[in-house]
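User: I have a chain open on my screen and would like to go through it with you. Could you help me read it step by step?

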Amino acid sequence: MFELENVHAGYAGATVLRGVSLRVPAGSVVALLGPNGAGKTTLLRVASGLLRPTAGRVLVDGRDFTAAPPHRLVAAGVCHVPEGRGVFPSLSVRDNIEVQARPGTEAEAFDRAVAAFPRLGERMHQQAGTLSGGEQQMLALARAYVQRPAVVLLDEVSMGLAPKVVDEIFAFLARLAAEGTSLLLVEQYVARALGSADYVYLLNRGELAFVGEPTELDATALAAQYVGASD
Ligand SMILES: Nc1ncnc2c1ncn2[C@@H]1O[C@H](COP(=O)(O)OP(=O)(O)OP(=O)(O)O)[C@@H](O)[C@H]1O
C-alpha cells in the first residue's frame, strides 16, 4: 500500500496541496484527475520524493518515506514516469534501459523491455532524443518496467500522442496492472483513466473534491470541475 497522509506542499511560499490524503492499495489502479493547475504533478512529485511536503506523510507499506530522497523511494519499489518522459536524450535506447537495471541484470532488463515494446528492439542503437514522441514514452515506461516496481506514478503518459499509440500504452498499463503492479495515473483523457481505474481521486485547487470508484463519479459533477478539459 502506497499512501499520502494529509499532505501539504507547494513552492516558495505558494501552497499548492492542502491536506491531501490518498491511498494506492497493492495491485490497484488509481486515477488522479483534476483541471489544469489543480496540483496533480505536484502530488506526484511529493509521492516520488522530488518535493518534500511541508506537512503530512508519505508511507510505503506503513514505512515513513516523507523525508526520503527519490532513490530510496525507487529502492522501495516506487517509480515515477514524469511528464515530458524522463529519458536520457543523448543515450541510445539500449543504454537508457540498461542504466536502470540492477548491475548484472542488464541483458535481462533489455529483453524484458523489448518484450513489452517490440518497437524498442528495432531501435536499440538509436539515440533516445531522436525517437518519436510515442517511442520515447514507451522507452520511459520500459525504464520503469525493468525495475520491477511495486508502484508506478504516471504523469500524463498520453500527452501529445496519436490515439493508436495511446491505445498501445494503455494496453501495456493494463498488462502491468494485471501482473500486480499498482498504478497512480494522472491523465488528461478522463474516460480512458476512468476505464482503467479501480479508484478515482478528483483534485481541485489543491484539495480533494471526490474520492471513490469510477461508477460513483457523477459525470455532471466531474464536468463542473473541469473548464475546457476535453476527452
Ligand atoms: N516549480 C514551481 N514553482 C512555483 N509554482 C509552481 C511550480 N510548479 C508548479 N507550480 C504551480 O503549482 C500549481 C499546481 O501545478 P501542478 O503542475 O501541480 O498542477 P497540475 O494539476 O499538474 O496541472 P496540469 O494539469 O496543468 O499539468 C500551479 O499553480 C503551478 O503554477
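User: What share of the contacts between residues at least 6 apart in sequence join residues at least 24 apart?
Analyst: In this predicted model, 66% of the contacts between residues at least 6 apart in sequence join residues at least 24 apart, where two residues are in contact if their C-beta atoms, placed from the backbone, lie within 7 Å. Local features need pLDDT of at least 70 and side-chain atom pairs count only at pLDDT 80 or more, while totals for chains, interfaces and linings use all residues. Residues are numbered from 1 along each chain as its sequence is written.

User: How many helices and strands does the chain have?
Analyst: The chain has nine helices and ten strands, which are DSSP runs numbered from the N terminus (H or I and at least four residues for helices, E and at least two for strands). The radius of gyration, taken over C-alpha atoms, is 17 Å, close to the 17 Å that the globule rule (2.2 Å times the number of residues to the power 0.38) gives for 231 residues, so the chain is as compact as a globular protein of that length.

User: And what percentage is buried?
Analyst: Buried residues make up 39% of the 231 residues; a residue is buried if 20 or more other C-beta atoms, placed from the backbone, lie within 10 Å of its own, exposed if 12 or fewer, and partly exposed in between.

User: How enclosed is helix 1?
Analyst: Helix 1 (residues 40–47) is largely enclosed by the rest of the structure, because seven of its eight residues are buried. Among those buried residues are Leu43, Leu44 and Val46, and also Lys40 and Arg45. Just after helix 1, Gly49 takes a positive phi of about 85 degrees.

User: Which residues other than glycine have a positive phi?
Analyst: Most residues other than glycine have a negative phi.

User: Changing topic, what is the order of the strands in the six-stranded sheet?
Analyst: The sheet is open, its order is 6-7-8-3-9-10, and the pairing is mixed, with two strands counted as a pair if DSSP finds at least two bridges between them. Strand 6 (78–81) and strand 10 (207–212) are at the edges and have a single partner strand each, so one side of each is left without a neighbour in the sheet.

User: Do strands 7 and 8 run parallel or antiparallel?
Analyst: Strand 7 (residues 151–155) and strand 8 (residues 182–186) run parallel and are joined by five bridges, and Leu154 stands opposite Leu185 in strand 8. Strand 9 (residues 199–204) and strand 10, by contrast, run antiparallel, and five bridges join them. Their hairpin has two residues between the strands, and Arg205 takes a positive phi near 50 degrees there.

User: Last one, how do helix 6 and helix 7 cross?
Analyst: The axes of helix 6 (residues 133–145) and helix 7 (residues 163–178) come within 10 Å and cross at roughly 10 degrees, where axes are lines fitted to C-alpha atoms over the stretch in contact and angles run from 0 to 180 degrees between N-to-C directions. Residues making the contact include Leu141 of helix 6 and Phe172 of helix 7.
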